Amino acid sequence: GGEEEEEGVGDFFGLPGSGAPVFVGVGGMQMLPRRVLSDCKARVRGGERVDYVAKRLGDEKLEIFGVAGNAAFHDTSEADASKVASGLLGAFDGVLLTDASSSFSGWHRASAGAGVPYAVAARVRKRVRVPLFSAMVAFDAPLRDAIPFAALTVKTKDSPLWFASRSQSKPGMPAAAAECWVLVSTPKWAVEEIGREPMQDAGGAFKPQTDDYLQSVPGPALLVAFTLAVAPYLEAAGVEMPTARYLQAQRWGSAMPAPARAAGRDEHGYSAATTTEVLGVRYETGMPPLLPVSREAPLVYDRCPSMESAAEAARGFVALDERRIFYAGDFCSRRPPGFEAAALSGLEAAAHISRVLCQEHPAPGQNAATPESSRETD
C-alpha cells in the first residue's frame with residue numbers, strides 16, 4: 001500500500017511465482033534422508049560432534065575424535081561444552097564431510113579442525129555464505145480464509161521478511177488446531193543481525209544462539225514483518241490478526257552458498273556489490289537467483305579460470321583420494337544452491353567413494369579394480 005519496493009527481490013526457490021511443480025517431503029523434508037538411511041541399513045550415531053580427523057599409526061584407517069552428549073549440540077554454552085574433553089569416536093576407511101561449517105579453521109563448533117586438509121576445505125571455506133533467520137509461528141485462528149494464497153514473497157524495501165508459507169498447505173502435513181506459518185528472513189537482514197549479534201565473541205570463540213536471543217529479536221522481528229505483509233488482506237476481509245500462540249526462531253549462518261558464476265559473482269559466489277565480511281566470514285546480502293536446474297535453466301556456472309579443467313568445475317564434490325577424505329553438499333556444487341545441488345553432490349560423491357574404496361579393498365576372490373574396469377562397470 002504505497003510502500004517502497006525493493007528492487008531485484010526474487011522468488012524463493014521459484015515460489016510463489018513459478019508455474020513449475022514444487023516437491024516437498026511428505027512428513028517433513030527430513031523424511032527423505034531418514035528413509036534412505038533406513039533402506040541402506042546405515043548406522044546413525046546421533047548426539048556426536050567431530051573435532052578433528054587423524055590418520056591412525058600403523059595402518060590406513062582414519063580416526064575421528066570428538067565429543068558426545070550435551071557438549072555436541074550447537075546451543076550448548078561454550079562454558080559447558082569446553083568442560084568435555086575430546087575422545088576417540090571410531091576408526092574408518094574414509095571420511096565424508098557435508099556440513100559447510102566443518103571447513104572453518106577452528107572457531108566454529110562444527111569445525112572438523114586441522115585434520116581436514118586445506119585442499120579439501122578450501123573450496124567450501126572460500127564460498128560466500130547466504131545467512132538466513134527463520135521462524136515457525138502458530139496462530140490461534142486461521143488466516144487461510146482471508147489470505148488467498150499459501151505462500152508469499154515480500155518486496156517491501158527494508159522488510160526483514162523474504163518468504164512465508166502456510167505449513168498445512170503441504171501434502172501429508174497433519175491437521176492441527178493452530179495454523180502454522182514458516183517465515184524466512186532476507187539475507188540482507190540476516191547479515192545485519194549477525195553484525196549486531198556476531199557468531200563469535202571478542203576472543204574469537206563460538207557464540208551459540210540462545211532461546212532468549214532468538215525469541216526476543218529475530219522471532220518478533222519476522223512476526224511483525226509478516227503481520228505488516230498480510231495486513232491489507234486481513235483488512236479487506238474484515239478479519240483481525242490472530243494471536244501467535246507459539247513462536248520459535250532459528251539462525252542459519254550458512255543456510256546456502258551464494259551462486260557461483262551467476263549475476264556477476266565469481267566462482268566462489270563473491271560480488272563486490274553484495275558481499276560483505278563479518279569477523280572474517282564472507283556473507284551474501286543480496287537476493288541470489290535460486291532457480292532449480294532444468295532444461296530451461298541449466299547449470300549456472302561457467303568454466304572457472306582458477307580450476308584445472310571443466311570436469312573439475314562440473315564435479316559437485318571435493319575429493320582427496322590419497323587421504324580418503326571427501327566433501328559433499330551444495331557448498332561444493334556449481335549448480336544453483338539448495339536441495340537439488342546437495343542431493344546430486346551426495347550421489348556423485350558416493351559413487352566416487354565407492355570406486356576408490358573398492359579399488360583399495362576388493363572383495364575376497366576379486367582383483368583390485370583398475371580405473372578402466374571401474375569405468376566399464378559404472
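# Reading a predicted fold

Q: Which residue forms a salt bridge with Arg144?
A: Arg144 forms a salt bridge with Glu179, and their closest N and O atoms are 3.3 Å apart. The model is a predicted one.

Q: Where in the chain do Arg144 and Glu179 lie?
A: Arg144 sits in the loop between strand E5 (129-139) and strand E6 (151-153), while Glu179 belongs to strand E8 (residues 179-185), so the pair ties together parts that are 35 residues apart in sequence.

Q: Is Glu179 buried or exposed?
A: Glu179 is buried, with a relative accessible area of 3%. The cut-off for buried is under 20%, and a residue counts as exposed over 50%.

Q: How many salt bridges does a search of the whole structure find?
A: The search finds 14 salt bridges. One of them joins the side chains of Arg49 and Asp51, at 3.0 Å from N to O. Arg49 is buried at a relative accessible area of 12%, whereas Asp51 is partly exposed at 21%.

Q: Where are Arg335 and Glu348, which also meet in a salt bridge?
A: The side chains of Arg335 and Glu348 meet at 2.8 Å, N to O. Arg335 is in the loop between E13 and helix H8 (339-360), and Glu348 is in helix H8; the pair links distant parts of the chain, 13 residues apart. Arg335 counts as buried at 14% relative accessibility. Glu348 is partly exposed, with a relative accessible area of 24%.

Q: What is Arg315 in contact with, leaving aside its neighbours within four places in sequence?
A: Arg315 is in contact with Arg123, Cys332, Glu348 and His352. Glu348 is the residue of helix H8 that forms the salt bridge with Arg335. Arg315 itself is placed in the loop between helix H7 (310-314) and E12. With 32% relative accessibility, Arg315 counts as partly exposed. Its C-alpha atom is separated by 10.0 Å from that of Leu344, which is 29 residues away along the chain.

Q: In what order do the 3 strands of the open sheet stand?
A: First the general idea: strands of a sheet pair through backbone hydrogen bonds, either parallel or antiparallel. Here the order is E4-E13-E12, and the pairing is mixed. Strand E4 (95-97) and strand E12 (317-320) are at the edges with a single partner strand each, so one side of each has no neighbour in the sheet. On average, neighbouring strands of this sheet are turned by 15 degrees against each other, direction ignored.

Q: In which sense do E4 and strand E13 pair?
A: E4 and strand E13 (residues 325-328) pair in the parallel sense, over 3 bridges. Within E13, Ile325 is the bridge partner of Val95.

Q: How many aromatic pairs does the count come to?
A: A pair of aromatic rings is described by the distance of the centres and the angle of the planes. In this structure the count comes to 8 aromatic pairs. One of them is Phe12 with Phe13, an edge-to-face pair with 5.1 Å from centre to centre and 90 degrees between the planes. Phe12 is buried, at a relative accessible area of 14%, while Phe13 counts as partly exposed at 32%.

Q: Why does the pair of Phe12 and Phe163 count as stacked?
A: The ring centres of Phe12 and Phe163 are 4.7 Å apart and the planes stand at 15 degrees, so the pair is stacked. The cut-off for stacked is planes under 30 degrees apart. Phe12 lies in the segment before helix H1 (31-39) and Phe163 in strand E7 (residues 161-166), so the pair ties together parts that are 151 residues apart in sequence. Phe163 counts as buried, at 5% relative accessibility.

Q: Which residues form one aromatic cluster with Phe12?
A: Phe12 forms one cluster with Phe13, Trp162 and Phe163.

Q: What pLDDT does the protein average?
A: The average is 82, and 83% of the residues score at least 70. Over residues 293-309 the pLDDT is below 50, and this stretch has 31 contacts in the model beyond near neighbours in sequence. Over residues 368-378 the pLDDT also stays under 50, with 6 contacts in the model beyond four places in sequence. Where pLDDT is low, the predicted coordinates should not be read in detail.

Methods
Residues are numbered from 1 along each chain as its sequence is written. This is a predicted model: local features need pLDDT of at least 70, side-chain atom pairs count only at pLDDT 80 or more; totals for chains, interfaces and linings use all residues. Side-chain values use heavy atoms; hydrogens and water are left out. Two strands pair if DSSP finds at least two bridges between them. Helices (H or I, at least four residues) and strands (E, at least two) are DSSP runs, numbered from the N terminus. Axes are lines fitted to C-alpha atoms, for helices over the stretch in contact, and angles run from 0 to 180 degrees between N-to-C directions. A salt bridge is a side-chain nitrogen of Lys or Arg within 4 Å of a carboxyl oxygen of Asp or Glu. Buried means under 20% relative accessible area, exposed over 50%, partly exposed in between (1.4 Å probe, protein chains only). pLDDT is the predictor's confidence in each residue, from 0 to 100. Contact means heavy atoms within 4.5 Å. Rings of Phe, Tyr and Trp (its six-membered ring) pair if their centres lie within 6.5 Å; planes under 30 degrees apart count as stacked, over 60 as edge-to-face and the rest as tilted.
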